[in-house]
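We will go from stop to stop, selecting a few residues each time.

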Amino acid sequence: MNLTPYTTLRVAIDAGVARITLDNPPVNVLSGTLIRELHDVLGTLRDDRSVRVIVFSSANPEFFIAHVDIHILDEMDELQAVADRNPYANLFQKVGELLRHQPQVTIIKLVGKARAGGAEFITAADMIFAARETAGIGQSEVLMGIVPGGGGTQYLRERVGRNRALELLLTGDLVDADTAAAYGWINRAVPAAELDTFVDGVAEKIAALSPELIAATKQLVPPADLAEGLQAENDAWAELVSGDLPARLMTGALEHGVQTPAGEHELESVMRSVAAGL
């Protein structure tokens, strides 16, 4: 199989397992390039029967995907080809929907933080295993004055139920791996020192099965049809993101170091401080 040389991904395939490492420094924002390359690699792997499991990890131990690149609205013309592939979802929802309907089993190995668009991406995968001491997940869009626009409202409700989804969506808080596991957001929290071995073990057990058996199991436990909810989410996101408040919050966020390692570590505090100063 010929895989395109990528600039934000590293791909290795062995014994039925594709290991995809996200590498978009400094904090792995979900940029236009990363979106295009995720679409490409998932599309390329889709029809490869030799690959039965896809494991995603990050080259940056502190950040899996920080969030969607604040500058991405400037790239929308370049991303039109990706946006046109599915008329029933917006550009950001398409990433999650592609992952959610991937024929292979998709596994996230989460060591660092995943917020907003990063949280949406991992929640779209089949399984998530996270490092107990270091992982964090947050659906933090409200701190930017918007609602999730990449499937987060729908994926989160499916994972954790309405009451916990509302808590997570409306506080924008970052939660640790043990809390995420207790809520059902992830499969389980694993000690950081054991995470690589644990995820490799899960991936290798599944990859040892026949493609037919994996396909039958995934067909019997299909992803829910979220088309109506995704459309409603897109409409709400589009209305809010075009307003004045998100632009001012995002400008303030960049001025306070968001999208740099220092600014991202305490993103929630930074964004609340920015909002208080408006």
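**Stop 1: two helices.** Select helix α4, residues 117–124, and helix α5, residues 152–160. They pack at an angle of about 50 degrees, and their axes are 9 Å apart. Keep in mind that this is a predicted model. How do α4 and α5 lie to each other: parallel, perpendicular or oblique? Angles from 65 to 115 degrees count as roughly perpendicular, and those under 35 as roughly parallel. The two helices are therefore oblique to each other. The crossing of α4 and α5 is left-handed.

Now show side chains where the helices meet. On the α4 side, pick E120, I122, T123 and A124. On the α5 side, pick G152, Y155, L156 and R159. These two groups of residues are in contact.

**Stop 2: an open sheet.** Next, colour four strands: β4, β6, β8 and β9. They form an open sheet in the order β4-β6-β8-β9, with mixed pairing. Which strands stand at the edges? They are β4 (63–65) and β9 (174–176). Each has a single partner strand, so one side of each is left without a neighbour in the sheet. Neighbouring strands here are turned by 25 degrees against each other on average, direction ignored.

Zoom in on β6 (residues 113–115) and β8 (residues 136–138). This pair is parallel and is joined over three bridges. Select R115, and you will find G138 of β8 standing opposite.

**Stop 3: strand β7.** Select residues 127–131, which make up β7. Is this strand largely enclosed or open? Four of its five residues are buried, so β7 is largely enclosed by the rest of the structure. Buried means under 20% relative accessible area.

Look for the partners of β7. One is β5, residues 105–110: four bridges join it to β7, and the two run parallel. Here I107 stands opposite M127. Another is β10, residues 188–190, which pairs with β7 in the parallel sense over three bridges. Here F129 stands opposite R188.

**Stop 4: T8.** Finish with T8, in the segment before β1 (9–14). Is T8 buried or exposed? Its relative accessible area is 4%, so it is buried. What surrounds it? Leaving aside neighbours within four places in sequence, T8 is in contact with T21, L22, D23, N24, T33, L34 and E37. Show the side chain of E37 as well: a polar contact of 2.6 Å joins it to the side chain of T8.

Methods: Residues are numbered from 1 along each chain as its sequence is written. This is a predicted model: local features need pLDDT of at least 70, side-chain atom pairs count only at pLDDT 80 or more; totals for chains, interfaces and linings use all residues. Side-chain values use heavy atoms; hydrogens and water are left out. Buried means under 20% relative accessible area, exposed over 50%, partly exposed in between (1.4 Å probe, protein chains only). A polar contact is a pair of N or O atoms within 3.5 Å; within protein, one must be able to donate a hydrogen and the other to accept it, and residues adjacent in sequence count only if both atoms are side-chain atoms. Contact means heavy atoms within 4.5 Å. Two strands pair if DSSP finds at least two bridges between them. Axes are lines fitted to C-alpha atoms, for helices over the stretch in contact, and angles run from 0 to 180 degrees between N-to-C directions. Angles under 35 degrees count as roughly parallel, over 145 as roughly antiparallel, 65 to 115 as roughly perpendicular and the rest as oblique. A crossing is left-handed if the near helix is turned anticlockwise from the far one by less than a right angle, and right-handed if clockwise.
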